[in-house]
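Thanks for coming. I will go through one model today and keep to local geometry and contacts.

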Amino acid sequence: MILKLHMNENPYSPAKSIQKAAIKGLEKINRYSESKYLIELKELLGNYNNVPSDQIVLSHGSDMLLREIINIFSKGRKIIMVSPSFIPVTQYALKQASRLTKIQISPPHFKLDHNLLLNELNEPTLLIIDNPNNPTGKILIDDSLAKKILQNKNALLLVDEAYYEFSGQTFAGLIRKYPNLAITKTMDKAFSLAGLRLGYLLAGDYFIDQFSDFPAFLSKPTLFAAIEALKNPEYLTINVNKILSEKARVVKELTKIGIQVFSGSTNFILIKSKLPDFGKKLMNSGIIIKDLSEEWLNSFYRITIGLPEENDALLSIIRKI
């Protein structure tokens, strides 16, 4: 059996009521989803994020929204991204951008140089930041820096908050005030709905105007499960707490073994191993983690926190190798 700890998935299943809702969504799948369910989902997401429902855009996956924003808003603008960042988005930006500036964050602290960033906003710019950052898990910008960016009329700020439920930090409260702010979120991670793929955009007025005709065709299983999950979010809090507790345990044990672990605010950890071919050795033992050497730096790996028994298996094999 292969243990997959490289996709940042939630190891805990959603509540039974949510699973039943998804199954109910299979009824009459020969028919398109009714708009009333899309409206209900947007209203629930609006309440969850304290954002007006008419400033929410739905999609099958937040990565699709990130790509669409790059398509629309990169024309005539410089794109600025942090390096490292969410790899698929970085790769897509490289293909689409006429100019792409990367601001490096480096070990061991992975701090973003605020002054360097602000000095880059001297022309029309689309700034894309994942916060917390993937793969470091670090929170890169706070409210103060976000407001300084948004007060610059040259800047459009897109923040990917895929791990908000683990970090507890969001800029959703700034959406009403700043038209040049957009935030992508997902129900894949903390809500345990990765297999149904539901992402959404909280869009300031400048962004929302460009999404008036964006298709929002979601499957009934996705709609029904998401609606039920938002009506009964208690399971989310329980599972997030379980993951964070397990994360603390794994970090402690890895540190004892001699693995360098970098603290973060997500459901994964970033480590550095001096052992050659560390990732390959784990794979040969049936465990897949994310080797970051091809896209970033040698000896760095990202590991998703799994179930307790999965984490025990990981630790046992690392001790052996």
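Start with R99, which is partly exposed, with a relative accessible area of 39%. What you have on screen is a predicted model, so every value I quote is computed from predicted coordinates.

R99 forms a salt bridge with E123, and the closest N and O atoms are 2.6 Å apart. The two ends come from distant parts of the chain: E123 is in the loop between α5 and β5, R99 is in the loop between α4 (87-96) and β4 (100-104), and 24 residues separate them. E123 counts as partly exposed because its relative accessibility is 22%, and the cut-off for buried is under 20%.

E123 also meets the side chain of K78 in a salt bridge, at 3.4 Å from N to O. This pair again links distant parts of the chain, with K78 in strand β3 (residues 78-83) and E123 in the loop between α5 (114-119) and β5 (125-130), 45 residues apart. K78 has a relative accessible area of 5%, so K78 is buried.

Which residues make up the network of salt bridges that K78 belongs to? K78, R99, E120 and E123 are linked in it. For the model as a whole, the count comes to 14 salt bridges.

Next, the helix pair. In general, two packed helices are described by the angle between their axes and the distance between the axes. Here helix α10 (residues 234-257) packs with helix α12 (residues 308-320) at an angle of about 10°, and the axes are 11 Å apart. That angle makes α10 roughly parallel to α12, because angles under 35 degrees count as roughly parallel.

Which residues meet between these two helices? From α10 they are E246, R249, V250, E253, L254 and I257. From α12 they are P308, N311, D312, L315, I318 and R319.

Two of the α10 residues in that contact set, E246 and R249, also pair with each other in a salt bridge, with the closest N and O atoms 2.8 Å apart. R249 and E246 are three residues apart in helix α10, so about one helical turn separates them. Their accessibility classes are as follows: R249 counts as partly exposed at 27% relative accessibility, while E246 counts as buried at 10%.

S62 is in helix α3 (residues 62-73). Is S62 buried or exposed? At 10% relative accessibility, S62 counts as buried.

Y206 lies in helix α8 (residues 205-208) and counts as partly exposed, at 39% relative accessibility. Y206 and Y178 are 28 residues apart along the chain, and their C-alpha atoms are separated by 8.7 Å.

I29 is placed in the loop between α1 (16-24) and α2 (35-49). I29 counts as exposed because its relative accessibility is 59%, and the cut-off for exposed is over 50%.

Last, the backbone. Where are the cis peptide bonds I want to point out? One runs from S83 to P84, with omega near 5°, and P84 is found in the loop between β3 and α4. Another joins P107 and P108, with omega about 5°; P108 is found in the loop between β4 and α5.

There are also positive phi values to point out in residues other than glycine. Phi of S192 is near 65°, and S192 is found in the loop between β7 (181-186) and β8 (199-203). At 12% relative accessibility, S192 counts as buried. Phi of D277 is near 55°, and D277 is found in the loop between β10 (268-272) and α11 (278-284). D277 is partly exposed, with a relative accessible area of 45%.

Methods. Residues are numbered from 1 along each chain as its sequence is written. This is a predicted model: local features need pLDDT of at least 70, side-chain atom pairs count only at pLDDT 80 or more; totals for chains, interfaces and linings use all residues. Side-chain values use heavy atoms; hydrogens and water are left out. Helices (H or I, at least four residues) and strands (E, at least two) are DSSP runs, numbered from the N terminus. Buried means under 20% relative accessible area, exposed over 50%, partly exposed in between (1.4 Å probe, protein chains only). Axes are lines fitted to C-alpha atoms, for helices over the stretch in contact, and angles run from 0 to 180 degrees between N-to-C directions. Angles under 35 degrees count as roughly parallel, over 145 as roughly antiparallel, 65 to 115 as roughly perpendicular and the rest as oblique. Contact means heavy atoms within 4.5 Å. A salt bridge is a side-chain nitrogen of Lys or Arg within 4 Å of a carboxyl oxygen of Asp or Glu.
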